[in-house]
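Here is a quick tour of one model, residue by residue. Have the sequence and the 3D view open as you read.

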Amino acid sequence: MLSKKLEAALNEQINAEFWSAYLYLSMSADFAAKGQPGFANWMHIQFKEEQDHAMKLFNYIISRGGHPELKPIAEVNTQWASPLAAFEDTLAHEQEVTALINELYALATEEKDYATQSMLKWFVDEQVEEEATAQGIIDALRMIKDNGFGIYTLDKELSARVYTPIEAE
Ligand code: FEO
């Protein structure tokens with residue numbers, strides 16, 4: 001059985017993951033509207049992965065006899081000045097999520113809840129990948145600067161990203 005404190009913290013994280021999904025869907029919409037389908041595809045897959053993250057926590061709370069509680073999702077931006085601005089926001093957001101996961105892990109450790117620590121290890125590893133991927137795209141965009149052909153080529157590259165449900169990883 002989860003402690004009430006940990007259950008509440010995990011419910012907050014469900015909200016943070018759904019907010020992340022909302023953020024990336026909004027970025028996807030902005031890229032699509034600006035004629036950059038590859039960037040839009042990348043963000044759309046990110047949106048689906050964030051929903052998976054939320055559902056992993058949702059299902060975990062149920063498996064431990066708790067009660068998932070869905071809270072309002074706060075507003076997100078709808079436009080970004082450039083692909084670089086969107087990916088810089090992505091990295092900054094993922095760094096915040098990493099801090100939230102670390103706080104959850106610290107709470108589970110304090111409470112000697114080993115099952116929750118084990119579940120959260122997946123998120124700890126996932127955040128390393130999330131930050132590294134965003135940083136890689138930022139690095140590419142900084143090299144490209146305003147070069148139209150570079151943006152076009154990166155857009156093509158990101159159009160190849162495919163969605164893999166986390167259960168299948
Ligand atoms: Fe669910 Fe991108 O962290």
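## Ser 26 in its helix

Ser 26 counts as buried because its relative accessibility is 11% (buried means under 20% relative accessible area, exposed over 50%, and partly exposed in between, with a 1.4 Å probe and protein chains only). You'll find Ser 26 in helix H1, residues 4–33 (helices are DSSP runs of H or I with at least four residues, strands are E runs of at least two, and both are numbered from the N terminus). Setting aside neighbours within four places in sequence, Ser 26 is in contact with Val 76, Asn 77, Thr 78 and Trp 80 (contact means heavy atoms within 4.5 Å).

A word on the ground rules: this is a predicted model, where local features need pLDDT of at least 70 and side-chain atom pairs count only at pLDDT 80 or more, while totals for chains, interfaces and linings use all residues. Residues are numbered from 1 along each chain as its sequence is written, and side-chain values use heavy atoms, with hydrogens and water left out.

## A buried glutamate

Glu 17 is also found in helix H1.

Beyond residues up to four places away in sequence, Glu 17 touches Glu 50, His 53, Ala 54, Leu 57, Val 97, Ile 101 and Phe 123. As for Lys 56, its charged end sits over the ring of Trp 122, 4.7 Å from the centre (the rule asks for NZ of Lys or CZ of Arg within 6 Å of the ring centre and within 35 degrees of the ring normal).

## The nonpolar cores

The largest nonpolar core has 24 residues, and Phe 39, Phe 87 and Leu 154 have the most contacts inside it (such a core is a set of buried Ala, Val, Leu, Ile, Met, Phe, Trp, Tyr and Cys residues joined through side-chain atoms within 4.5 Å). Two or more residues each come from H1, helix H2 (37–63), helix H3 (83–110), H4 and helix H5 (148–158). H4 gives the most, with six residues. Apart from this core lies another, of 16 residues, including Leu 2 and Leu 120.

## Rings that pair up

There are six aromatic pairs (rings of Phe, Tyr and Trp, using its six-membered ring, pair if their centres lie within 6.5 Å; planes under 30 degrees apart count as stacked, over 60 as edge-to-face and the rest as tilted). Phe 31 and Phe 39 are stacked, because their centres are 5.0 Å apart and their planes are at 20°. Phe 31 and Phe 87 have centres 6.3 Å apart and planes at 35°, so that pair is tilted. Since Phe 31 lies in helix H1 and Phe 87 in helix H3, the pair ties together parts 56 residues apart in sequence.

Ring pairs link Phe 31, Phe 39, Trp 42 and Phe 87 into a cluster. Over the ring of Trp 42 sits the charged end of Arg 161, 4.4 Å from the centre.

## Two lysines with positive phi

Most residues other than glycine have a negative phi. Lys 112, in the loop between H3 and H4, has a phi near 55°, and Lys 145, in the loop between H4 and H5, has one of about 50°. Lys 112 counts as exposed at 59% relative accessibility, and Lys 145 is exposed at 62%.
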